[in-house]
Amino acid sequence: MADRLARALGHGGTVRALAAVTTDLVEEARRRHDTAPTATAALGRALTGALLLASTIKRDERLSLEFSGDGPLRGVLVDATPDGKLDVGGALGRGVLCVMRVPITAGTLYRSVVPLESGEIGADLAGYLLKSEQAPAAVGVGVFVAVDGQVVAAGGYLVQALPGASERALDTIAERVEHLASPSQLVREGLSPSDILRRLVGDDLSLLEEHDVRFRCRCSRERVAVAILAMGRQEIESVLADDRRAEVTCEFCTQRYLLEEDELRSLL
Ligand SMILES: [Zn+2]
């Protein structure tokens with residue numbers, strides 16, 4: 001099944017629900033970063049969570065999630081846009097989740113930092129939503145990695161109470177969430193995002209949209225040139241004198257860019 005994301009409203013429009021199947025894009029991230037199974041699971045959960053959260057923000061914003069802990073993995077940094085594209089990279093820090101909403105063109109940057117609830121990512125994102133938006137939410141994200149390290153199934157869901165949600169609706173959903181199989185199990189069973197939403201919310205569900213999602217990086221030759229320019233004339237001249245070329249690797253997607261002598265000279 002191709003990677004997809006579905007958005008819906010439930011219980012008469014008082015509950016927001018999103019679900020995503022992300023197997024292919026998590027596998028692509030694993031391949032690019034050559035991650036070990038535990039890191040693959042963390043990266044895949046963070047990617048899926050970012051994608052779900054990005055789908056709840058304005059279309060002219062980009063969402064950046066940074067999980068930092070003091071465990072061996074240290075940190076995960078992921079970016080997502082509401083139209084379903086993702087970037088990933090490694091980062092480091094200690095015991096916090098930093099959420100940034102970055103305007104794509106002009107506007108205000110929102111940044112909030114909350115302590116990690118569990119480091120399991122799903123619960124951490126639900127904790128962030130409760131603190132930042134005062135809205136109870138449940139977030140489930142999961143990745144199933146095969147013995148050979150490949151990603152077999154990945155996906156997740158997000159349910160959030162909107163103004164006017166009744167206690168009864170929230171109780172019903174909490175009960176359904178509790179009895180639901182893990183997101184990676186649901187994906188392994190072949191459920192689509194809208195199937196997952198039906199399991200989560202029940203029959204009182206109106207599907208808003210379902211669309212493809214994919215891995216894509218914002219890096220480009222032009223952005224690499226801008227980064228090299230930012231190093232300054234002296235630094236560029238010293239690279240020219242020493243190596244005659246510059247090799248730059250994008251930390252988000254591992255794409256390598258090689259700038260030869262004539263390109264570097266044209267920057268000067
Ligand atoms: Zn890149």
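Q: In which strand does Ser206 lie?
A: Ser206 belongs to strand E10, residues 205-212; strands are DSSP runs of at least two residues, numbered from the N terminus. This is a predicted model, in which local features need pLDDT of at least 70, side-chain atom pairs count only at pLDDT 80 or more, and totals for chains, interfaces and linings use all residues. Residues are numbered from 1 along each chain as its sequence is written, and side-chain values use heavy atoms, with hydrogens and water left out.

Q: What is Ser206 in contact with, leaving aside neighbours within four places in sequence?
A: Ser206 contacts Ala8 and Leu9, where contact means heavy atoms within 4.5 Å.

Q: Which residues supply the protein donors of the zinc ion?
A: The SG atoms of Cys217, Cys219, Cys250 and Cys253 do, lying 2.2 to 2.3 Å from the zinc ion. Donors are N, O and S atoms within 2.8 Å of the metal (3.2 Å for Na, K and Ca).

Q: What are the angles among the four donor atoms?
A: They are 105 to 113°, and the site is tetrahedral, a term for four donors with all angles between 85 and 135 degrees.

Q: Cys219 and Cys253: buried or exposed, or in between?
A: Cys253 is buried at 3% relative accessibility, whereas Cys219 is partly exposed at 22%. Buried means under 20% relative accessible area, exposed over 50%, and partly exposed in between (1.4 Å probe, protein chains only).

Q: What pLDDT does the chain average?
A: The average is 88, and 94% of the residues score at least 70; pLDDT is the predictor's confidence in each residue, from 0 to 100.

Methods
Helices (H or I, at least four residues) and strands (E, at least two) are DSSP runs, numbered from the N terminus. Four donors count as tetrahedral if all angles lie between 85 and 135 degrees; four count as square planar and six as octahedral if opposite donors are over 155 degrees apart and all others between 65 and 115; anything else is irregular.
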